[in-house]
Each structure stands twice: as structure tokens, then as C-alpha cells.
Amino acid sequence: MIPFLARFLLPLGVLTVIILLVGRLPLRRRAREPALAVELGAHAAIWLVVGGCAVIWIPRTRKILHDFGAELSSLSVLVIQIAELMAQPLVMLIITAIVLAADGVIYSLLWENEAADTARNRFSLFMTLVPLSILLVFASAIYLPLLKVMQ
């Protein structure tokens with residue numbers, strides 16, 4: 001089971017560390033435009049991973065669970081329904097546009113108001129942890145029934 005989980009979690013962990021390190025570099029130079037671009041790019045990359053999991057990984061796992069007749073918890077059913085909704089390109093485009101626009105507006109307001117570096121860093125960390133938390137919920141809602149099927 002550990003190699004199975006490590007195959008998915010290790011690249012996600014490495015990607016997160018790289019995104020956090022790259023996002024910190026422009027903040028040290030205190031340049032607004034590069035910092036905004038890097039932060040939005042980093043957050044977009046993390047949301048891309050969330051979208052990829054919802055569109056590719058969850059439907060495949062749902063098919064496996066359906067083929068084996070596994071009982072799904074209400075959280076698993078909810079995650080599968082969200083993934084089916086996110087699989088529609090228009091919905092995915094709207095969600096992505098809203099999240100990244102809000103992210104950019106809030107982050108640029110923090111720069112304009114000369115907010116402390118800690119406020120910008122906390123917001124950046126928050127916007128990094130939200131999609132990672134969503135990935136964790138997706139993984140737990142899908143892997144637990146999958147582990148039951150494997151037993």
C-alpha cells in the first residue's frame with residue numbers, strides 16, 4: 001500500500017515544495033509584477049493538479065468501484081458528483097477564472113496597501129493549502145472505498 005500511495009503523493013509533495021520556493025523568490029526582491037505573476041502561476045499550477053485529479057483520476061476510480069459494487073460513503077458520492085461537474089470544460093473554466101481572479105485581486109491589494117510581508121506570505125500559504133486540502137479530501141474519499149475493495 002505504501003508504494004501505491006507514494007507514487008501519487010511524492011510528485012505532489014515535490015511540486016508543492018517547488019511552487020512554494022519559486023513563489024518566495026520575487027517576494028524577497030519586493031517587486032510587485034513578478035511576485036504577482038509567480039504567485040498566480042504557482043496557484044494556477046496547484047489548481048491544475050486538482051482539476052486533473054477531478055477530471056482524470058476520480059472517474060477512473062469511480063468506474064473501478066462501480067465494477068466491484070463497492071459501497072460508497074456520502075463523502076465519496078459527493079466527491080464523485082463534484083468531479084463529474086468539474087469534468088465539464090465550461091464549468092472548469094468558470095471556476096478557474098473566479099478563483100484566480102480573486103487570488104490576483106486580493107494579492108495585488110496586499111501589495112498596494114503596503115501590507116507586511118507576513119500578510120502576503122500568509123495569504124500565499126492559504127491559497128496554496130486550500131487546493132492541497134481539497135486534494136486530501138478527494139484522496140481520502142476515493143482511496144478508502146478503494147482500499148476496502150482491495151481487501
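How many residues does helix H3 have, and how far does helix H3 reach from its first C-alpha to its last? The answer is given in the legend of the second view.

**View 1. Overall fold of the predicted model.** This is a predicted model, in which local features need pLDDT of at least 70 and side-chain atom pairs count only at pLDDT 80 or more, whereas totals for chains, interfaces and linings use all residues. Residues are numbered from 1 along each chain as its sequence is written, and side-chain values use heavy atoms, with hydrogens and water left out. The secondary structure of the protein consists of five helices and zero strands, where helices (H or I, at least four residues) and strands (E, at least two) are DSSP runs numbered from the N terminus. Read from the N terminus, the order of the elements is α-α-α-α-α. Of the 151 residues in the protein, 32% are buried, a term that stands for under 20% relative accessible area, with exposed meaning over 50% and partly exposed in between (1.4 Å probe, protein chains only). Among the contacts in the protein with a separation of 6 or more, 79% come from residues 24 or more positions apart, contact being defined as heavy atoms within 4.5 Å.

**View 2. Helix H3 and its buried residues.** Helix H3 (residues 74-86) has 13 residues and reaches 18 Å from its first C-alpha to its last, close to the 18 Å expected at 1.5 Å a residue; the expected span of a helix is 1.5 Å times one less than its number of residues. Ser 76, Val 79, Ile 80, Ala 83 and Met 86 are the buried residues of H3. Because these residues cover an arc of only 125 degrees around the axis, they lie on the same side of H3, the arc being that of the directions from the helix axis to the C-beta atoms.

**View 3. Helix H4 against helix H5.** The axes of helix H4 (residues 89-112) and helix H5 (residues 117-150) come within 10 Å and cross at roughly 170 degrees, where axes are lines fitted to C-alpha atoms, for helices over the stretch in contact, and angles run from 0 to 180 degrees between N-to-C directions. H4 is therefore roughly antiparallel to H5, a description used for angles over 145 degrees. On the H4 side the contact is made by Val 99, Asp 103, Ile 106, Tyr 107, Leu 110 and Trp 111, and on the H5 side by Ala 119, Arg 120, Phe 123 and Met 127. By class, this contact of H4 with H5 has eight nonpolar, no polar and two charged residues; Ala, Val, Leu, Ile, Met, Phe, Trp, Tyr, Cys and Pro count as nonpolar, Asp, Glu, Lys and Arg as charged, and the others, Gly among them, as polar. The 24 residues of H4 should span 34 Å at 1.5 Å a residue, and the end C-alpha atoms of H4 are 34 Å apart, which agrees. The buried residues of H4 include Asp 103, Tyr 107, Leu 110 and Trp 111.

View 4. Leu 65 is found in helix H2 (residues 32-68) and is buried, with a relative accessible area of 1%. Not counting residues up to four places away in sequence, Leu 65 touches Ala 70, Leu 72, Ile 142, Pro 145, Leu 146 and Val 149. Leu 65 and Lys 148 are 83 residues apart in sequence, yet their C-alpha atoms are 9.7 Å apart in space.

View 5. Ser 124, which is found in helix H5, is buried with a relative accessible area of 9% and touches Glu 39 and His 43, not counting residues up to four places away in sequence. Leu 135, also placed in helix H5, is buried with a relative accessible area of 6%. Val 49 of helix H2 is partly exposed, with a relative accessible area of 25%.

Notes:
Angles under 35 degrees count as roughly parallel, over 145 as roughly antiparallel, 65 to 115 as roughly perpendicular and the rest as oblique.
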